[in-house]
Amino acid sequence: MQKVEPPRDSFSSRALLFVRTKISPMTLFWLVIVSILVLPIILFLAVAFSPKLLDQGPEWFTFNSFKAAADPYFLQSIWHSFVMGVVSSLLATAIALGVAWIVLRTNSAARKVWSLAIFALLLAPSYLIALGWERIFERAGVLNIAGIDLPFVRDLLYGPVGIAMILTFKGIPFAYLVISNAMRGLGEEFEQAVRVHGGSRIAAFKMMSTLLLPALWSGIAIVFAESISDFGVASQLSSPGRYSVATFTLYRSVMSLPVSFPLCAAISIILLMLIILALFAQSRALRGRSFRVLSGRTRPITRKKLSKTGAFSANTAIYGLLFVTLGIPVFGAISASMIQGLGTVLANYQFNFDNYFRVIKSPLLRAPLLFSAEAALITATVAVILAAISSRLLVSTKNGLGKKFLDFFLLAAVGLPGIVFAIGYIFAYNLPLAQKYGFHLYGTVALLVLAYIATALPSTTRSLVGNMNQFQESLSEACRVHGSNGIKTWLTVVLPLISRPLLAAWCLTYCGTLLELPVSQILFPPGHAPLAVGIDHALGNYDFGGGTAMEVFAIISALLVVAVAFGLYEKLAPIGWKQLGRARS
Amino acid sequence: MSNGHLVKIEDARKNYGSLAALDGLSLTIEPGQFMVLLGPSGSGKSTLIRSLAGIEKFDAGSIFLDENQVNRGPVNVAPEKRNLAMVFQDYALWPHLSAFENIEYALQRRKLPKDISKQKVNAALNRVGLSSKGKNYPHELSGGEQQRVALARAIVADPALLLFDEPLSNLDADLRERLRIEISTLTREIGATALYITHDQSEAFALADRIGVINHGKLEQVDLPEVIYERPLNRFVANFTGISGTFTGQVKQVLKTTCIVALGEDQLEVRHTVGLEVGQSVDVLIRPAATSFQNESENRIGAEITDIAYRGRGYEHAITTKYGTLTGVFDTRSHARGGTISVSIDPNRCIAFPSETK
Amino acid sequence: MKLSLKISLVSVAIATVLAGSLTPVASAAEALQLYAALDYSTDVATAFTAKTGIPVNVTALSTGPLLAKITAEKNNPQWGAYWADGAEPCAAFDIDKQLLHYKPKGLRLNAVGMKLYPKDGAYQVPGFTEMVGVVYNSAKVRKPTSWDDLASADFKNQVGMNNPSVSGPTYPFLAGLMEQLGSEDAMKAYLTKLKANGLRVFDKNSKTIAALNTGVVNVALVQSSAAITNVAKYKASPVAGLTPAVTYLQKTTVLPSCLAIDGKASTFQQDAAKKFADFVMTTDAVAIMTKLNVGDSLFWPTISGALPAPATSRTPTFASGLLQVVDSYKYALIQGRIQDWFTKNIA
């Protein structure tokens, strides 16, 4: 019979027990979180109050930066950001809910296309999407060349409507991932209960939406935070005078001499408060309810068979959405990369692949692509593990300080545009004291990867929160009482049960990191330019065709990696993993 | 000769905010004993069993498994090191593993060679009557089947302590009884010590070697089922372990183990377990087993039949007397609703307690 | 767990570790950290390393991110040398006492070079371009003759310029206007007039040029090097409706390219930077810089005896009387305020 190990009595053993308890896996986790997430954010925000702390000004404590930020121009740009955030988050979540229902609950033929296309939409950075639209509608853009001129559309595009539209498109995949993961874990018994008690299909849909509230709110919060911190779209589509948003103001305050990080930090703090509002709203909406519905008793869904008109509407909706969100920018990007002399008013245009041939040999593409691919691989793997732990923490009922702490910093990391987050890294990892003790990370590949992980962590975490919310605690308790320790429980039960969402999160992180620009710009080690920096360089040298061709290559390579990842999963994962949330159809 | 732990819980305390879930509770379970904790929801039984499992912690107090203390203050021996197993109310089968794999998982800690392990798992499946369902996943099994898999999972590794967290409450009535028998026999077969919590008193009485009645984090009474039933120490225990009805009256005379209580025009001889005085106002708690239509005894009251329910073996009647209603009055013959009848009360199966001040 | 799954998990783990270890780490040997916004910087750095054996790590970005990094590193500077167009940032650094003053050995400057060289060698000026080259589509508009001309009816809604907050080379253009028109207010009045006449603002050279090429504007006020490059491109392959030509107005402001050494850097960095400055301020280095004959290569060298790239001859020299030099120190002090005003009122 197995003996139970008691806690020992002697002092040395007590000390050992203390040490053993302290350096648990969770301690390691917190150490990582503090170093890559908390420290850079705190140091950056601190200069708003204490510029002298990092030699950014004469005062040790002042509110001057906030006074400067209260300038009506800045305040207006913050208001614009807020409006963009609200509009895009609500629209994106609503659309994503509808799409998720069609894809997961019906037998619409479009669903397979959507599942593939979602990744293309996810991995395209917002500035690329904006670029695609631009290439089509701009003067001497693709449409113009084809003889079509739409000045009205052009004007809309280069303003709040265009910005909101693209932020919505960009937000749909985030919201979709969160909602679809949650919907998969939702057995149909709840909707059936509505139907057998006399409720209509719509009432059943409403019931399902209510049960999905945590995921819906998660979606809204993610898209809101991503939208107000987005820089790519705003910089592409609006010169600051026309419709300035906070991120553009931030960018300007960082990129122009004299650089004022204190002002930048003050504006960031105000942006963060907006995000805290979103978080607060989310928790109020979800207070006290139980949404834990994923368990061994969850039965797979039977797909709804759509009628002819139903099928037609559903398919049209999906294909239409894909055409608008993906088709147009892709068409823009590809056609732009195939037209010789784009960006000019050349009379005769040649459509060919010259740009592609030129670019594939270019050092501006190959080395950066490989570098970024490696970095993205590492980032995705580490970030997903950290995100799984974080998301579990965020949904635990034990309402510790750690949970609130993590929640805030994850949100702060989203709310802070990449460029200021990167500056925070310089503050944190270029401290003279640290260097004295031989601890020098600034300027290394390692720091860049750490920054990538930190940038990816928030959205990856939130994309897993929906699933973790549905995970019944008793499943892991059952592991513990049947002989598995914490780590084994994770490896054998927790992770397998969210294996598909984990895979999706991995792919999402890979793609996002591959084409990441702002952090890459600030932190890349000399001689190792990441992909987006290389593309940016080409575009800066008036090589629109070549630059766009590089973008297309990059995206194709990312899609290949995603396809391989999913293929491996389908081939190698045990049946038990794959059947979770699978519909019977 | 049992393989079970000796379980000792001393002065357990646990607060959730200002609410005391456990209030200085102490309990001993002998090796191989089947202890049932009976109590209403919120009484603290869940907290106790989960702390015993190691998935929750006491604020103060200690737990000993055999001679080993498994907790000291905030430091806890991890659940996986306590050599126990648990059956959960919601079955907690892992959805991504088949029935076979679910059971096999629990056996991994014994680190047996693969073929022996396989044998044991199949034996466990067989034992719960599911040998053909090994490959099925939880969502392909009915509720009863799932709970049987959970049971097989719990016993397969021959743990020294088996914990049951209201495992039958999600099952329908006929399944419940069958599974209860499985639990009872299997546990005793492997000789583990068992702690079972429930709010269902009939379940408790059917299963237990000993029952502990728990309320507001305190143990009201721990004893053999018969003793609990016949000599409840206080009103709560009596009420919670099956009462047909309650009459209020005044003590006329106090005898050694019984007393005479005046109820308006009638009087009844009833037991008492606490000291009573003449003239004291008392509530008489009457067990269903105390009631009978057949026996001719001095302890009798007139009543009117208000409801009758057929139970297969006979009929249970609900009757109304001048002093209150009584339910569960059994007879092999049926007596029609609305009829009058005289019901006799066995003094040994009803107890008088001082009236509660309103 | 299934065996195949175990294998794949292990291989992913190994791949991740390998990827991490195969990624090249910063070399053990110390190198000069050069922050540069000029295309030819990498070529010059390579030649420097070949000559002296000192390795150079070039961080090649546009001026904005470079300045952001330098400012962020303020409490522990990592950069050894900064090299970009525009003297105001260097002047600002010098006012902040951040630079190492240095006069390269055997420095021989031509007449212009001596005019542009800052006091005590606060920074090096290997060459200069001009702000602005006025590129106009001669197929659509006539040649502008003066700054006021640009605000006339002929050029209504035709003119585009860069945003000084984003484009490094552009603030000197505003500084030049202040210098020429006599005051800050006069410059503001002029730009306000332009704005009322339909002035469009674009982020940087490439975007303003693109606007000209696509007909969004017909006059582009850009850096001279960008101007010539665009004109040359269309001379080589002519297009109906687009015939860019460039003119320079009275006055056109000199835009020095500046190489500054970090006074707070380590001894190694400072020594290496000094040697780098020695190398850059030679005719050999200028030859490397001008090799490509497009873009950044189109500057007037300040080193005695150094030859400009052939295409540069199309930009005016001091002899033409069109050029003016501004006091970068004076204008560095008000840069923030001016750029702020520009963003709120003109952009």
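## Helix α20 of chain A

In this predicted model, helix α20 of chain A runs over residues 418–429. Helices here are DSSP runs of H or I with at least four residues, strands are runs of E with at least two, and both are numbered from the N terminus. The twelve residues of α20(A) reach 16 Å from first C-alpha to last, close to the 16 Å expected at 1.5 Å a residue (the expected span is 1.5 Å times one less than the number of residues).

How many residues of α20(A) are buried? Twelve of its twelve are, where buried takes 20 or more other C-beta atoms within 10 Å of a residue's own, exposed 12 or fewer, and partly exposed a count in between, with C-beta atoms placed from the backbone. Among them are A:Phe421, A:Tyr425 and A:Tyr429.

Let's turn to helix packing. Helix α6 (residues 126–137) and helix α9 (residues 160–184) of chain A pack at about 130°, their axes 10 Å apart. Axes are lines fitted to C-alpha atoms, for helices over the stretch in contact, and angles run from 0 to 180 degrees between N-to-C directions. The pair is therefore oblique (under 35 degrees is roughly parallel, over 145 roughly antiparallel, 65 to 115 roughly perpendicular, the rest oblique). A:Ser126, A:Ile129, A:Ala130 and A:Trp133 of α6(A) meet A:Ile166, A:Phe169 and A:Lys170 of α9(A); contact means C-beta atoms, placed from the backbone, within 7 Å.

In chain C, the axes of α7 (residues 171–181) and α8 (residues 184–196) come within 8 Å and cross at roughly 115°, which makes α7(C) roughly perpendicular to α8(C). C:Leu174, C:Leu177, C:Met178 and C:Leu181 of α7(C) meet C:Glu184, C:Ala186, C:Met187 and C:Tyr190 of α8(C).

## Where chain A meets chain B

Here 30 residues of chain A are in contact with 42 residues of chain B. On the chain A side, α23 (473–481), α24 (486–497) and α29 (575–578) each supply at least two residues, and α23(A) gives the most, with six.

## A loop glycine in chain B

B:Gly17 sits in the loop between β1 (7–16) and β2 (19–29) of chain B. B:Gly17 is exposed, with 6 other C-beta atoms within 10 Å. B:Gly17 and B:Leu276 are 259 residues apart in sequence and 39 Å apart in space, C-alpha to C-alpha.

## Numbering and confidence

Residues are numbered from 1 along each chain as its sequence is written, while chains are lettered from A and ligands numbered from 1 in the order in which they are written. Since this is a predicted model, local features need pLDDT of at least 70 and side-chain atom pairs count only at pLDDT 80 or more, whereas totals for chains, interfaces and linings use all residues.

Notes:
Contact = placed C-beta atoms within 7 Å.
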